[in-house]
Amino acid sequence: MLTYIGTYLSYTLPVIGILTLITRPFINRLEIFKIGFISALAVIYTVPWYGYFVNYGARKYSPGVVLAMVGSVPVEEYVFVVAQTVLTLLWALMFVQWSTPCLNFNYDKRSYQLIRWIPISLLTVVTAAGYAMVVRGQETFYLGSILCWSSPAIAIMWYGAGNFFIKKIIPSSIAIVGPTLYMCWINQMTVSDDNNDSDKLKALFFFVTNLMVVLAGSSYDKAYGMIVTYSLDFPHQFSVSCRFVRQMARAFMTSEYATSSAVTRDIKTCIKVLSTSNAFGTSNYLFHAGYKFHFHKFLKNDVERWCCTVKICKCFAKLIVKSLIDTEIDIFNEHNHEPLPENILTRQKISNNLKRNAVDDMFVRLSKILHSELKNDDIENITSGDVLLIKRNIHNAQYSKLLKLPTSLTQIHETLKNMEFKTIKGEEFLLVSIIKKNTEISHFLKLFFGLPFLNPQDVENCFTEDIMAIQPQDARVLEFTDYILDSYIKNDADFPPEICKSDEKKKKIKLELSKQFISEVFADRKSDYDVKKTPREVKIDWKKYESEFTDFELSSYRAVSRIAFFLPRKPFEELFAGYQWDLEFTLVRNEKDLMLYTSYVAGSIGAMCFYVIMYRYGNDMNDLVNKADYLTKHAYKIGQGLQLVNIARDLVSDSESLGRCYFPAEYMDDEKEDLRILCQEKNPRSLGNKKLKKYSSKMIQLANKQQFESVGAIKYLPQDLIGSVLASTEMYRGLIKAIQSCPTYPTRASLPKLIVTCLNSKVLSSSNTKKTDVVSPVAFFYNPYNHSYTYSKVQ
């Protein structure tokens, strides 16, 4: 058997070291403070119990197996308490930290009270039972001591964080069971011959102590989650001070149901909006040239199965495409045929492009759509037979979108019956005989059915002043006009005329309201980058926004208003200026326009992120505050660099889906023709791969310049954030390589999951370097001037 100190050195400390290496990228100053704070509390609460236990003879230590005694307790027991606490918290960090704290709040008072008080009642009974068992010399002394010592502490922590703990019961259980099993195994290696307690009681002790540690971690997380969610109620940011500890205690004792659930609901909505962004396409980039795959079916866990288009070929691929940084592709079997001839691939590419265009523009002549495509240079190998096949495919695509018209009144009645159409009053629609021509009612209806051609703001006046003035005196017409007035004409109707506004008009109205919102939120700011140090409530008249904004949009704006006190006004104004740029389809004519646009839509985001960092860390980092102007400037550059990579990657998708081109017109080979193809015809592939790659390379060159100039500012950020910022920039470096290494221009390049994992591992594992020696995660930066990878260290 080993001595206590030998056990800890041989088994406990190495595991702590391994867990530290694994979790190092996720250990920030909050986690360090949490581990230290909980460890200190554990020592303070546990050691007196150990002393009581030893003094009553329930536990004895042989002089040869302990290093030294502090009072009646061996020094190894102090080491054990700290070691177990640190080990359990590091283990728990890998499982319980992967969700936003406010998402685990319980706002239902009834269930909250049940979850809180039922376990506390049971713990009270357990405490009483344990106290009754603590009889010196009895076998129940050790069990009673454990129950009597642990139950009050668990009850106190459960009062504040029991509901929070239950919300994460599965990861919390894993966090408890893992260290418990490991401690039981270590116990078999310790000197325990002189101890009276059995292995079962020792296992119970390890389980209870690990439960206390994990519950203490949940208490800390819940308290800090309350602080960052309800900053108006808990205004003090993190600091190693008594003031912050008192605020944490107050947040811990506060019941979630006593706070506003609207705050968390808005945050959940914002997260939902972010998590539903479209996945990026990958098939054009990842499959070898000459082979074509088609989507087959979905497998378990959202895995997509793609098969080779040649029926006799057994080659297939499995894809999981969730986001830009979460793509996994496995190709099974080899192709048993030669690559498809170039003319077939070209014909299929043209056919697919034209089918999309034909379906989008159903009223454009097919010959016009076809001729615009056949003007391009990439179709020398297209034959007349290919043209006939393309025409047939286009016709079939359009025909499949057309509705089958009923050929008789009976079919009309059957269709309406099957579709279960009803009026707003729940009545069935009735088909009546056609009204005779040149009657008073027919003239009235002709005027009525002209209302949709008016501007929405003119509908009410025309209907009430003109049409109702000439309505026939017929009971059916009177009932009809009353129904239309109440349901469609009035401003408070279920379907008012405003619902007919064009999408563009709605966007312009929302843009103007957004500008008003920013003016209200930042009305008290003295300058563009003036911020407040303490939280303050902003009074907003939400009624004027509720009529135009959706629930999702309102949630986002409410969430912004709650944190606006530490954010500057200028980046928001720039962001909306970029939105207006897109809304007006402003042409990017030169590099100056490009840099201005990227500053609006991405540089502003970088500046906002920096101010969030400065608010969270500003109290403890004078360097951050003193260099605010310098870091804000370079935050813009980092954002611009990332956006330029996006533009390089999205030349095709921006054109096809939006009819937009962000590549400067002055750099185009044929400005007029290229803009027509990209913005009007929305057929970017007709430019050819050579030109697309040329244009993307120019964007990448500009992106590299911005990132190369800005990366030196990263060393001034908080140490625990350097890795995260480097990770984001390195991900985009990977995208650059993906675009450049692809033989053809990819529709929207992305990175496989394995590459993403490797990049993140290298970045985060190297992020704890000294601030004077910040190294790129893979120790390379792309040289923007010679397009080669060169070693770079940012001093």
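## Lys510 and helix α18

Which helix holds Lys510? Lys510 lies in helix α18, which runs over residues 503–521. The model described here is a predicted one. Lys510 has a relative accessibility of 17% and therefore counts as buried, since the cut-off for that class is under 20%.

Apart from neighbours within four places in sequence, Lys510 is in contact with Glu548, Phe549, Thr550 and Glu553.

## Asp266 and helix α9

Asp266 is part of helix α9, residues 261–275. Is Asp266 buried or exposed? With a relative accessibility of 1%, Asp266 counts as buried.

When neighbours within four places in sequence are set aside, the contacts of Asp266 are Ser555, Arg558, Ala559 and Arg562. The C-alpha atoms of Asp266 and Val560 are separated by 9.7 Å, although these two residues are 294 residues apart along the chain.

## Helix α24

Helix α24 covers residues 628–649 and has 22 residues. At 1.5 Å a residue, helix α24 should span 32 Å. Its end C-alpha atoms are 32 Å apart, in agreement with that expectation.

How many of the 22 residues of α24 are buried? The count is 19, so α24 is largely enclosed by the rest of the structure.

## A nonpolar surface patch

Which helix gives the largest share of the nonpolar patch? That share, three residues, comes from helix α2, residues 29–55.

The relative accessibility of Ile44 is 60%, so Ile44 counts as exposed; the class begins over 50%.

## Salt bridges

How many salt bridges does a search of the whole structure find? The search finds 23. Among them is the pair Arg569 and Glu573, whose side chains meet with an N to O distance of 3.4 Å. Arg569 is buried, at a relative accessible area of 17%, while Glu573 is partly exposed, at 36%. Another salt bridge joins the side chains of Arg676 and Glu681, at 2.0 Å from N to O. Arg676 has a relative accessible area of 24% and is partly exposed. Glu681, at 21% relative accessibility, also counts as partly exposed.

Glu671 and Arg589 form a further salt bridge, with 3.9 Å between N and O. Glu671 lies in helix α26 (residues 671–681), and Arg589 lies in the loop between α21 (570–583) and α22 (591–617), so the pair ties together parts that are 82 residues apart in sequence. Glu671 is partly exposed, with a relative accessible area of 34%. Arg589 is partly exposed too, with a value of 47%. Elsewhere, Glu31, Lys34 and Asp221 are linked in a network of salt bridges.

## Cysteines

A disulfide is a covalent bond between the sulfur atoms of two cysteines. Counted as pairs of cysteine sulfur atoms within 2.5 Å, disulfides in this model come to zero.

Phe585 has a phi near 50°, which is a positive value. Phe585 lies in the loop between α21 and α22, the loop that also holds Arg589.

Lys682 is not a glycine either, and its phi is positive at about 55°. Where is Lys682 found? Lys682 is in the loop between α26 and α27, the latter being residues 689–710. The relative accessible area of Lys682 is 34%, so Lys682 is partly exposed.

Technical notes
Residues numbered from 1 in each chain as written. Predicted model: local features only at pLDDT ≥ 70, side-chain atom pairs only at ≥ 80, totals over all residues. Heavy atoms only, no water. Helix = DSSP H or I, 4+ residues; strand = E, 2+ residues; numbered from the N terminus. Expected span 1.5 Å × (residues − 1). Buried < 20%, exposed > 50% of the residue type's maximum accessible area, 1.4 Å probe, protein only. Contact = heavy atoms within 4.5 Å. Salt bridge = Lys/Arg side-chain N within 4 Å of Asp/Glu carboxyl O.
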